[in-house]
Amino acid sequence: MTQNGDNLLSIRNLTTHFFTEQGVVKAVQDVSYDIARGKTLAVVGESGCGKSVTAMSVMQLIPWPPGKIVGGEIIFDGEALLEATDERMREIRGNDIAMIFQEPMTSLNPVFTVGNQIVEAVKLHQKDKADQAWDIAIDMMKKVGIADPERRVREYPHQMSGGMRQRVMIAMSLCCSPSLLIADEPTTALDVTIQAQILDLLRDLQRQNGMSIMMITHDLGVVAENADDVVVMYASRVVETGTAKNVFNNPLHPYTQGLLQSLPRLGEKKERLDVIGGNVPNPLNFPSGCKFHTRCPIGCKDTKCRTQEPPLKEVTPGRQVACWHAEGYTETK
Amino acid sequence: MSDAKKNLVEVKDLKTHFPIRAGLLNKTVGHVKAVDGVSFSIEEGKTLGLVGESGCGKTTVGRTMMRLIPKTDGSFSFDGEEMFAFTTAGQIKQMRREIQMMFQDPYGSLNPRMTVESIVGEAMTVHRVASGKDRRDRVANLIEKVGLSVQHLNRYPHEFSGGQRQRIGIARALALEPKFIICDEPVSALDVSIQSQIINLMQDLQAELGLTYLFVAHDLAVVEHISDYVAVMYLGRIVEYADRDTLYDNPLHPYTQALLSAIPEPIPNKDKKRIVLGGEVPSPSNPPSGCPFHPRCPLAEERCKEEVQTLEGADHKVACWKAR
């Protein structure tokens, strides 16, 4: 994490709960991290760990009922988002913070042409440029690498492939030049050769306009090749943060270590894969103490891990971890 | 494939075409050539990895072999017997005792209204292998083999996580003690930490029961780990085939090379030469002339537009004249 004040977005002690009939789902608990200007932060974790809910909390798109942000602070470019009015949030969404989703199939409206949908975004957010909206749309489609944009702007989503639709989504989200792009599993639904194209495109666009990217993904390969900083989440909490290089070369938390070891890698001839035993815990019924202790090779034997939750602490500059047994972790700050 | 080991599975020139119907009279106006001349064989107890991007026909190959989709042409011999010669429902049912399938989606492939016991035991009843207490014992045995416990037998699929459901799917596939399992993307819907558990389980079961796998997947790292032989598909055809080490250490086809270079690896700042392919996979209803890969191929020449490439070579087969 960058230490200076040059953070575009700071999340502090964010807690988001869902009040369901089965009980309170503590989807996000006490989550804090920063995104530096012009950098890419990857939020990694398995399904249900709260990575998407954190992003939705930033956008304040948590549906109530049942979901609610019950605590914490979100500071975007000096502004406290949780105190902003609904009207102000509508201005921020799309203009300053844009989002792209995993499923390019379902996030476009099937009954409008893609041009219509990009134009709608331009007209909504840049009222003074309404008469040039179609030109902006065509221009954006060209920028994201869609060949023959004058013709394709009149096509419907079903006439396009998955990769093309994701390009349209990117064009739509970038037409108002946001300073933060939240990409929720942007390439998970795409083939590897198309994934490579989309990730290259995002990198190029970032280089051109200096936006920050929050990339939510479970693919550690994508993280290693694209992120500057990494946040690892497990069962609603941040368990480790640091630069991508540090986290991958020297993972401190047993969960991160296990995750990296269990991955089959190209060119690595291993007889058996290492595994993290057990299952991802149910968010309705998280284990006590450290939430990873049930699957942890050290934690399962330690009473402290079973009863006390380790807070996230800085162990070396720019490096945070939440584990009683991590190297350099002390109980007093 | 040259040694004396027996080939359990032999597929020759398999073709599966889907008709495109249009117009008032529902005339057939063309064909989607989902699988267009695929041949391979698998030795008993080995795993063939079949890789490719979405729409390349890899799943259709598995489903056609399973007789879930009618074939257009070709043969599939299993243990020396021609499977496509079976026509009656009884014969096909008999075939499915030996050949089973595992599916990708652990949420969609289990009936939500059946208990684990009836899901795993259903095939035993249908095939009259076991019933009553005998069936229950066999199911309990299987469910323990895949790493679940007897208490789970009376539960319903929604009570399980994705990884546990995939274990139930494996138990169901093993219920009739098949020799050959077609695995259609069995781990792609699972979390990373669960993926490795399932892969290890599949390898343990293979060693224990002498199973033969056709492992259909798009994740090249997973395929490298589990397979003995690998076939790479593009637009309904196999473009490269070799044993695992040869294929990954020395890929010859430009498509295989690009595919391998496009995989993001979990090593930051690794200097890697990446071949980014332009364009997209063309529609199989209207494939390009000549080599179907030529519009995206970095090495394409005039000749590639005209000449159809066939899979050639002894142990390391490749369908590209430039690569040979």
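Tutor: Let's start with a term: a salt bridge is a side-chain nitrogen of Lys or Arg within 4 Å of a carboxyl oxygen of Asp or Glu. Keep in mind that this model is predicted.

Student: What makes Arg37(A) and Asp6(A) a salt bridge?

Tutor: Their closest N and O atoms are 3.1 Å apart. The cut-off is 4 Å, so the pair qualifies. In general, side chains of opposite charge can pair when their charged atoms come close.

Student: Why say that this pair links distant parts of the chain?

Tutor: Arg37(A) sits in the loop between β2 and β3 of chain A, while Asp6(A) lies in the segment before β1. The two are 31 residues apart.

Student: How many salt bridges does the structure hold over all chains, and how many are counted between chain A and chain B?

Tutor: The total over all chains is 35, and the count between chain A and chain B is three.

Student: What makes Asp200(A) and Arg274(B) a salt bridge?

Tutor: Here the N to O distance between the side chains is 3.7 Å. That is within 4 Å, so this pair also meets the definition.

Student: What do chain A and chain B bury between them?

Tutor: About 3700 Å², with 53% of it on carbon and sulfur atoms. On the side of chain A, Thr193(A), Glu225(A) and Leu266(A) lose the most area to chain B, together 18% of what that side buries. As for contacts, 45 residues of chain A touch 40 residues of chain B.

Student: Now the helices: why is α5(B) called roughly parallel to α6(B)?

Tutor: Helix α5 (residues 162–174) and helix α6 (residues 192–209) of chain B pack at about 20 degrees, with axes 10 Å apart. Angles under 35 degrees count as roughly parallel, and therefore α5(B) is roughly parallel to α6(B). Their crossing is right-handed.

Student: Which residues meet there?

Tutor: From α5(B) there are Gly163(B), Gln166(B), Arg167(B), Ile170(B) and Leu174(B). Among their partners in α6(B) are Ile194(B), Ile198(B) and Leu205(B). By class, this contact has eight nonpolar, three polar and one charged residues.

Student: At what angle do α3 and α4 of chain A cross?

Tutor: Helix α3 (residues 114–125) and helix α4 (residues 133–143) cross at roughly 115 degrees, their axes coming within 9 Å. This crossing is right-handed. The contact includes Val119(A) and Lys123(A) of α3(A), and Trp134(A) and Met141(A) of α4(A).

Student: What classes of residue does the contact of α3(A) with α4(A) have?

Tutor: Nine nonpolar, two polar and one charged. Lys123(A) is in this contact, and Lys counts as charged.

Conventions:
Residues are numbered from 1 along each chain as its sequence is written. Chains are lettered from A and ligands numbered from 1 in the order in which they are written. This is a predicted model: local features need pLDDT of at least 70, side-chain atom pairs count only at pLDDT 80 or more; totals for chains, interfaces and linings use all residues. Side-chain values use heavy atoms; hydrogens and water are left out. Axes are lines fitted to C-alpha atoms, for helices over the stretch in contact, and angles run from 0 to 180 degrees between N-to-C directions. Helices (H or I, at least four residues) and strands (E, at least two) are DSSP runs, numbered from the N terminus. Angles under 35 degrees count as roughly parallel, over 145 as roughly antiparallel, 65 to 115 as roughly perpendicular and the rest as oblique. A crossing is left-handed if the near helix is turned anticlockwise from the far one by less than a right angle, and right-handed if clockwise. Contact means heavy atoms within 4.5 Å. Buried area is the accessible area (1.4 Å probe) that two parts lose on being put together, summed over both.
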